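This report covers selected side-chain features of one model. Please read it alongside the sequence and the structure shown here.

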Amino acid sequence: MSVQKNVHPTAELRIDEDRGRAELWDTIDGTETFIGFIGYIQETIGGQQVKHLQHTIIDPRFGRRGYARCLVTLLLDELAADGWSFISECTYIDQY
């Protein structure tokens, strides 16, 4: 039996380049709602641009509902699609 990676199909990833973070938004009770984010910085390592992923932060009101997994899934899928390499200092991402 496979595990569904994203149990929040209406959730949306938004990249805020100015703030250096990937944000997760979802529509809850008809209202667009900020769920959480992963901070990042761009670095050059060995001559290659990489995204240095920091910590995964989910608003406590939405904790333990699968939103962290959703956020990480959407972000890593987008990084892969765009050809980015990344490093992480987030234990949640490391265990993903």
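## Basis

Helices (H or I, at least four residues) and strands (E, at least two) are DSSP runs, numbered from the N terminus. The model is predicted: local features need pLDDT of at least 70, side-chain atom pairs count only at pLDDT 80 or more, and totals for chains, interfaces and linings use all residues. Residues are numbered from 1 along each chain as its sequence is written, and side-chain values use heavy atoms, with hydrogens and water left out.

H8 is found in the segment before β1 (12–16). Its relative accessibility is 13%, so H8 counts as buried (buried: under 20% relative accessible area; exposed: over 50%; partly exposed: in between; 1.4 Å probe, protein chains only).

Beyond its neighbours within four places in sequence, H8 is in contact (heavy atoms within 4.5 Å) with D26, R65, G66, Y67 and C70. With Y67 there is also a polar contact between the two side chains, at 3.5 Å. A polar contact is a pair of N or O atoms within 3.5 Å; within protein, one must be able to donate a hydrogen and the other to accept it, and residues adjacent in sequence count only if both atoms are side-chain atoms.

## Aromatic pairs

The structure holds 2 aromatic pairs. Rings of Phe, Tyr and Trp (its six-membered ring) pair if their centres lie within 6.5 Å; planes under 30 degrees apart count as stacked, over 60 as edge-to-face and the rest as tilted. W25 and F34 form an edge-to-face pair because their ring centres are 5.5 Å apart and their planes lie at 70 degrees. F34, at 26% relative accessibility, counts as partly exposed.

F62 and Y67 are also edge-to-face, because their centres are 6.0 Å apart and their planes are at 75 degrees. F62 is buried at 6% relative accessibility, and Y67 is buried at 5%.

## Charges over rings

R21 lies over the face of F37, 4.3 Å from the ring centre. K51 lies over the face of W84, 4.4 Å from the ring centre. The criterion is NZ of Lys or CZ of Arg within 6 Å of the ring centre and within 35 degrees of the ring normal.

## Nonpolar core

A nonpolar core is a set of buried Ala, Val, Leu, Ile, Met, Phe, Trp, Tyr and Cys residues joined through side-chain atoms within 4.5 Å. The largest has 20 residues, of which L24, I38, L53, I58 and L75 touch the most other members. Two or more residues come from each of β2 (21–28), β3 (31–45), β4 (48–58) and α1 (67–81). The most come from α1, with 8 residues.

Not counting residues up to four places away in sequence, I58 touches I35, G36, G63, Y67, A68 and L71.
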